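User: I would like to go through this structure with you. Could we start with the pockets and how you sort their residues?
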Amino acid sequence: MKTKHKAKQKIYCFGNLDLKDDRSALDIADILSKENDLKQFEFIKCTSPDFLLTEEVPDQLIIIDVVKDIKDIKLITDIDDIKHTKTTSVHDFDLANTLKLLKSLGKLDKVVIIGIPYAKKIDKKDIELIIRLVSSSIH
């Protein structure tokens, strides 16, 4: 008899590899994927939100991303609290715009964003806080 393995909860970590101040979530993904307490999660490094428009979005979308204009690591559950940028082309279509589009199309039920302040130097206390936020964000 085969046993079914429960699929890991995906956590999408967004960033830009070319910008030091905007890559924190990508670096955090590497750290968190090694944590024994978080083995039930799969940390997916993302450089663009485009795939969210073509793939099935989970009932609860969990994201780690750098957020401008916050001072501390913050849990965001209302995408209307996210500022979006004005787009001049599809290349400028950022995560906030993508999430708001998905919501307007009825394809996004619940989103949890763990916001990392822009240009923040991440230390051990920050990682511990992020681990607590990730663990408590699953419902």
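Analyst: First, the classes: Ala, Val, Leu, Ile, Met, Phe, Trp, Tyr, Cys and Pro count as nonpolar, Asp, Glu, Lys and Arg as charged, and the others, Gly among them, as polar. Please note also that this is a predicted model.

User: How does the lining of the second largest pocket divide?
Analyst: The lining has 6 charged, 4 nonpolar and 1 polar residues.

User: Which residues are they, in the lining of the second largest pocket?
Analyst: One stretch of the list comprises Lys20, Asp21, Arg23, Ser24, Asp27, Ile28 and Ile31.

User: Turning to confidence, what is the average pLDDT of the chain?
Analyst: The chain averages 85, and 88% of the residues score at least 70.

User: Where does pLDDT stay under 50?
Analyst: That applies over residues 86-92. For this segment the model has 5 contacts beyond four places in sequence.

User: Now the aromatics. How many aromatic pairs are there?
Analyst: The count comes to 3 aromatic pairs. In one of them, Tyr12 and Phe51 have ring centres 5.4 Å apart and planes at 40 degrees, so the pair is tilted.

User: Where in the chain do Tyr12 and Phe51 lie?
Analyst: Tyr12 is in strand 1 (residues 9-14) and Phe51 is in helix 2 (residues 51-54). They are 39 residues apart, and the pair links distant parts of the chain.

User: Are Tyr12 and Phe51 buried or exposed?
Analyst: Both Tyr12 and Phe51 are buried.

User: What about Phe14 and Phe51, how are their rings arranged?
Analyst: The ring centres of Phe14 and Phe51 are 6.2 Å apart and the planes are at 10 degrees, so this pair is stacked. It too links distant parts of the chain, from Phe14 in strand 1 to Phe51 in helix 2, 37 residues apart. Phe14 has 4% relative accessibility and therefore counts as buried. Ring pairs link Tyr12, Phe14 and Phe51 into a cluster.

User: One more residue: where does Ile62 lie?
Analyst: Ile62 belongs to strand 3 (residues 60-67). Its relative accessible area is 0%, so Ile62 is buried.

User: Which residues is Ile62 in contact with, leaving aside neighbours within four places in sequence?
Analyst: Ile62 is in contact with Gln9, Lys10, Ile11, Tyr12, Val112, Ser137 and Ile138.

User: And how far apart are Ile62 and Cys13?
Analyst: The C-alpha to C-alpha distance between Ile62 and Cys13 is 8.7 Å, while in sequence they are 49 residues apart.

How values were computed
Residues are numbered from 1 along each chain as its sequence is written. This is a predicted model: local features need pLDDT of at least 70, side-chain atom pairs count only at pLDDT 80 or more; totals for chains, interfaces and linings use all residues. Side-chain values use heavy atoms; hydrogens and water are left out. On a 1 Å grid over the protein atoms alone, a cavity is a set of points where a 1.4 Å probe fits but cannot get out, and a pocket is an open set with protein on both sides within 12 Å along at least five of seven lines; lining residues have an atom within 4 Å of a point. pLDDT is the predictor's confidence in each residue, from 0 to 100. Contact means heavy atoms within 4.5 Å. Rings of Phe, Tyr and Trp (its six-membered ring) pair if their centres lie within 6.5 Å; planes under 30 degrees apart count as stacked, over 60 as edge-to-face and the rest as tilted. Helices (H or I, at least four residues) and strands (E, at least two) are DSSP runs, numbered from the N terminus. Buried means under 20% relative accessible area, exposed over 50%, partly exposed in between (1.4 Å probe, protein chains only).
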